[in-house]
Amino acid sequence: MSNPFVRIVEPLDAKQPLKKFFNLGKLEDVRYARLPFSIRVLLEAAIRNCDEFLVKKADVENILNWKVVQHKNVEVPFKPARVILQDFTGVPAVVDFAAMRDAVKKLGGDPEKINPICPADLVIDHSIQVDFNKRSDSLQKNQDLEFERNKERFEFLKWGSQAFKNMRIIPPGSGIIHQVNLEYLARVVMDQDGYYYPDSVVGTDSHTTMIDGLGVLGWGVGGIEAEAVMLGQPISMVLPEVVGYKLLGNPQPLVTSTDIVLTITKHLRQVGVVGKFVEFFGPGVAQLSIADRATIANMCPEYGATAAYFPVDDISIGYLIQTGRDKEKVMYTKKYLEAVGMLRDFKNSSQDPDFTQVVELDLHTVVPCCSGPKRPQDKVAVSDMKKDFETCLGAKQGFKGFQITPDRHNSIVKFNFEGCDFELSHGSVVIAAITSCTNTSNPSVMLGAGLLAKKAVEAGLTVKPYIKTSLSPGSGVVTYYLRESGVMSYLSKLGFDVVGYGCMTCIGNSGPLPESVVEAITQGDLVAVGVLSGNRNFEGRVHPNTRANYLASPPLVIAYAIAGTIRIDFEKEPLGINASGKKIFLKDIWPTRNEIQAVERQFVIPGMFKEVYQKIETVNESWNALNAPSDKLYTWNPKSTYIKSPPFFDGLTLALQTPKTIEDAYVLLSFGDSVTTDHISPAGNIARNSPAARYLTSRGLTPREFNSYGSRRGNDAVMARGTFANIRLVNKFIDKQGPQTVHFPSGETLDVFDAAERYKQAGHPLIVLAGKEYGAGSSRDWAAKGPFLLGIKAVLAESYERIHRSNLVGMGVIPLQYLPGEDAGTLGLTGRERYTIIIPEKLKPQMNIHIKLDTGKTFQAIMRFDTDVELTYFHNGGILNYMIRKMAS
């Protein structure tokens with residue numbers, strides 16, 4: 001290889017054949033020694049791609065001079081070693097690939113050029129729902145129903161695994177993508193084609209950052225961007241700032257990793273880390289297990305950073321051995337990292353790199369907490385939960401308010417469930433779910449929950465039968481050690497039976513509540529509560545009937561389930577009274593850290609991981625029995641309501657179309673802050689009165705067959721109708737929550753899709769106005785594809801979450817940002833004006849452009865194409881159009 005930055009390193013030992021090692025610059029270079037470890041991995045990726053992507057020596061010098069150039073919009077061509085996908089985002093990716101093959105063929109190219117050139121693993125984990133719970137056969141019945149609903153999607157994915165090289169499918173029932181990645185897929189160091197280099201990954205799920213806890217640099221991207229990466233296109237990113245997060249001290253005995261991450265989430269939201277890397281350092285890191293670190297890294301999207309990186313240390317190496325990785329490979333992983341100066345000792349402050357900014361947290365100051373009722377960054381100490389909820393009841397409608405009048409705060413609704421009488425009130429828990437890779441990947445909190453359940457049962461405590469309880473582990477290993485340690489039977493007695501291996505309640509696949517419970521909630525207009533060990537609690541996400549949702553550790557999920565209400569002060573009020581009349585307090589049954597660690601040492605062993613993962617690709621008999629076509633081009637079924645050829649490439653030619661000024665656009669929707677991708681493109685149930693429901697009904701389906709928006713992401717007709725269909729959408733044009741807007745030419749209030757169709761038929765372009773943090777949440781590409789299909793040409797916001805801005809760019813939708821200090825209020829914008837967005841002939845990254853209103857007012861906004869590569873995509877009408885032209889020519 002002609003690359004001048006490659007250095008030949010001597011064999012690691014006499015028995016090992018000579019290996020070539022990429023070196024991240026010279027180890028004695030002072031600049032290299034001061035680089036954050038996460039930037040070293042970026043530098044490695046740039047050097048590794050020098051020949052293929054013509055990275056100039058100056059680019060490598062820029063990265064080595066990171067401290068000097070980090071504020072100067074220097075581009076880095078980052079090509080990750082791997083791509084991971086889950087089925088909700090994986091199905092539309094494979095649909096796009098199939099459609100791109102058709103488009104390349106039409107333009108005279110070789111369709112088989114549309115094929116992943118790097119390893120791509122797709123884990124099916126988003127489809128299973130909690131339809132059955134509190135019964136021994138819940139797991140099997142939920143899995144059977146999953147296959148019944150999703151057989152067509154699964155057959156399509158199986159076709160994809162055969163039609164495309166380098167694409168591996170991990171079948172349903174195997175676990176959650178990020179936990180499978182952590183426990184099985186991640187390499188830490190790649191050993192490929194005679195070279196060692198650091199493992200890195202991007203994924204079509206925002207919580208891909210979980211793998212950063214193991215020292216693998218990774219983050220979530222939109223499906224559109226991931227497809228380009230799979231086809232060989234590097235991610236062109238601006239060299240990021242790196243915030244050093246220094247951890248000190250030891251956690252208190254009652255504190256869990258969940259409490260730590262919720263504390264960090266609130267802290268970093270206040271610091272402001274959108275678009276930045278966060279790298280953890282300090283002696284406190286050495287007190288955290290890899291599972292603890294993975295929990296903290298997992299919630300990186302909730303605090304808004306691009307990556308949340310923990311460099312590899314000896315604890316990381318030990319984790320690889322604990323999870324059953326090949327010992328010889330682990331040995332060479334460690335030796336390679338030592339050879340290139342990338343093995344970290346967190347207790348050695350002389351290894352601390354330079355950072356853009358340093359913030360600190362003393363782990364000893366962390367207290368048990370939850371987050372809610374509507375956002376993950378709204379942390380509440382457990383000791384304050386009762387008071388905080390009661391304050392939220394009467395507060396103005398918003399992130400911390402429900403606007404319930406004081407005379408209704410103590411409303412009670414009586415109802416009957418299975419022949420017994422019960423009562424519901426504001427704050428009653430109706431869903432309690434141990435769910436999500438965030439926590440189920442961590443044996444300490446899972447065994448803590450199991451030990452708490454054991455003590456609760458032995459103390460005579462129970463959970464009210466109408467509360468929907470569930471346990472959905474992120475991998476089969478969890479069930480293995482819960483069963484072997486003897487706590488599974490106690491979890492079952494409290495209703496926490498295993499209901500499936502997948503995301504489930506965390507992504508809104510919580511399934512139905514009992515009808516009598518729903519009727520009681522509706523009758524009393526109650527603020528019912530869901531408590532889950534997940535990472536997101538946005539409005540309308542967990543369940544339509546739980547207006548308040550709190551994130552909590554698995555032991556606290558059980559505690560609140562036993563209490564039956566969020567309005568409890570655990571220090572002063574008992575969890576319950578047993579048959580003997582004894583009051584049982586939470587402190588009476590909370591397991592100590594020593595108890596948990598003793599059980600973990602005994603039962604979480606390498607053999608479990610080896611046994612579970614050696615059969616992961618073949619264990620699902622239903623998957624094995626699926627028949628899929630073997631053709632390289634997909635044969636689209638016009639009757640399908642799941643898989644449909646998208647219209648994105650209709651009329652595409654090899655010649656580029658010059659971007660034109662957007663003239664006299666109407667505003668389709670006007671938003672405030674923190675509009676999430678769940679608001680833009682919900683993943684959960686399809687409301688029976690929605691445009692998507694009307695479409696499916698017209699195709700002969702009954703409501704029982706609607707499934708979810710997430711499961712129908714392979715069908716653009718459903719997803720366009722589902723865009724902005726969240727029942728909790730707050731549009732400034734409407735005086736109540738709901739997925740509607742005003743069609744200004746007629747003055748009618750319509751469903752968003754119907755209004756957009758009216759505008760489209762009349763030839764009117766559309767834009768969206770928004771506040772801060774537009775597009776927070778999941779990395780779902782349909783949050784950009786859907787608006788594109790509605791005819792939205794641009795979004796004007798105060799700020800964007802990173803992944804969503806990238807997705808908009810990928811679809812050719814212009815992300816515009818107000819100038820600093822300006823917003824709709826300061827500019828006097830009502831959203832009822834018509835907007836002309838002037839697109840100059842010569843565009844530059846982050847340039848200011850002019851916007852004219854029909855009122856005569858003119859102002860400027862920043863065009864958030866951040867790199868020259870993003871401008872290239874825009875000129876092509878999006879990333880995928882660019883890739884098709886590239887392959888066809």
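Seven strands form a closed barrel in the order β26-β29-β30-β31-β34-β33-β32, with mixed pairing (strands pair if DSSP finds at least two bridges between them; strands are E runs of at least two residues and helices H or I runs of at least four, numbered from the N terminus). From one strand to the next, the twist averages 40 degrees, with axes fitted as lines to C-alpha atoms and angles running from 0 to 180 degrees between N-to-C directions. Strands β33 (residues 848-853) and β34 (residues 858-863) run antiparallel and are joined by five bridges; Ile851 has Phe859 in β34 as its bridge partner.

The model is predicted: local features need pLDDT of at least 70 and side-chain atom pairs pLDDT 80 or more, whereas totals for chains, interfaces and linings use all residues. Residues are numbered from 1 along each chain, and side-chain values use heavy atoms, without hydrogens and water.

In helix α18 (residues 476-484), seven of the nine residues are buried (under 20% relative accessible area, 1.4 Å probe, protein chains only; exposed is over 50% and partly exposed in between). Among them are Val477, Tyr480 and Leu482. Just after α18, Gly486 adopts a positive phi of about 85 degrees.
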